[in-house]
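Please read the following report alongside the sequence and the coordinates.

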Amino acid sequence: MNYQQTLEYLYTQLPMFQRVGAAAYKNDLSNITYICNLLGNPQNKLKYIHIAGTNGKGSVSNMLAAIFQKHGYKTGLFTSPHLVDFRERIKINGRNISKSYIIKFVQEHEKIFNKIKPSFFEWTTALAFQYFYDKQTDIVILETGMGGRLDSTNIITPELSIITNIGEDHKQFLGNILKKIAIEKAGIIKQHVPIIISEHQPEVKSVFIKQAKQNKAPIFFARDLIKIHSTQYIDNVLRVTYLERNNNQGKNILSSKLSASYQENNIRAVLAACTILKKQFKLKTSVIHKAIQHTPKITNFRGRWEVIQKYPYIVLDIAHNKQGIQAALKHLKHYQYKNLRVVIGVVKDKDIKSILQLLPKQAVYYFTQANIPRALDVTELKNIAQQYHLKGNTYNKVYSAIKQAKKEALKEDLILIFGSAFIVADACKIFK
């Protein structure tokens, strides 16, 4: 069995949420616990930073991984979804897990998979635990898949937990109001383990305080640890001036090539995490700044307001829910352009109308769909979009939509490609 055959087996035999949606969702920890027991519980022999949230957890995870890597730690990074290659989900020091390791792991445990039918995410999480243990990583930055309380990653005890924010996503699984979603995310809070809350959201603050109190976990709100004085956006670089609590050395300035203005909260969460972990891991401010600045290169992180080219601007962003779309559109104010051209596709189980009503009516739209069963049919997407006076044509392939947008664009225009991680994934294959 070669690598492609191995992936095909996993995609077809083990339901993958990103491809098929609800059919792949498991709402308990029995499978991951069973698999890890058979593996000898490698997850219990590692150090972690555990990260949950609706938006931003990928950026926070990658910045933290870059920081520990630049400090000389052998750093594991577990994130999802992947954009081009499955191996992007599991990295050590910015390098993807090897194909040979995946093949060997699947062949050794195929009988277990056939017996208990774990979800794609469950076996991937077990694979990551085993890989990071076998490779003797010093620290693992572990991102939840969905939720927190019943997420497959939630069988570990970390050094620190982080919750980035609470937004309306996966409501059919996590609850239809923010407090219910917050309760699920707060499930990663562990006994005596410090927890950082990235954003100040008054409507859910009490949920985190209550959960932390029950677990005797020290709770920190990032804005109480890090005060951001100003942010500037200059030539696709975000410049942040901040003050660290209990540090009398004055203001600090850092730059980030994760340049969208919505990264401000993510950077604050990362800096807050560093203040808590600074002594334990001997973290240095100068190295922290350098790692944050160059995170995309250090960890090979893509798809977060990624400027592919200028004249015209072409931007990739994986924004895919109401909160993410709002943040991406807000960042457009930093650009000057003549026409906005939007290549967009979505998945069936999102709140499509809440997304479409946010989009600017003066833009030109190129409606498309990713090559996955979960994608919303492009004709249906256009019909719903017309209800919100959004005008454009349909394209069955992302490649065709991008090709047409580029053909019609003036050099003063901006082409924004977003709406789904899978649209961006297809785009990444085009813009190698």
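The sections below take up the basis of the model, then its cores, then its strands.

## Basis

This is a predicted model, in which local features need pLDDT of at least 70 and side-chain atom pairs count only at pLDDT 80 or more, whereas totals for chains, interfaces and linings use all residues. Residues are numbered from 1 along each chain as its sequence is written, and side-chain values use heavy atoms, with hydrogens and water left out.

## Nonpolar cores

The largest nonpolar core has 39 residues, of which I49, L64, I141, I162 and I292 touch the most other members. Such a core is a set of buried Ala, Val, Leu, Ile, Met, Phe, Trp, Tyr and Cys residues joined through side-chain atoms within 4.5 Å, where buried means under 20% relative accessible area (1.4 Å probe, protein chains only). Helix α11 (residues 263–281) gives the most to this core, with nine residues; helices are DSSP runs of H or I with at least four residues, and strands are runs of E with at least two, numbered from the N terminus.

Beyond its neighbours within four places in sequence, I162 is in contact (heavy atoms within 4.5 Å) with residues including I49, L64, I188 and A273. Another core, of 38 residues, lies apart from the largest one and has C36, Y48, F120 and I155 among its members.

## Strand pairing

An open sheet is formed by three strands in the order β9-β10-β11, with antiparallel pairing; two strands pair if DSSP finds at least two bridges between them. Its edge strands, β9 (226–234) and β11 (252–256), each pair on one side only. Eight bridges link β9 to β10 (residues 237–244), and K227 has L243 in β10 as its bridge partner.

Elsewhere, β12 and β13 form a hairpin with three residues between them, and Y311 in the turn has a positive phi of about 60°.

Key. Buried < 20%, exposed > 50% of the residue type's maximum accessible area, 1.4 Å probe, protein only.
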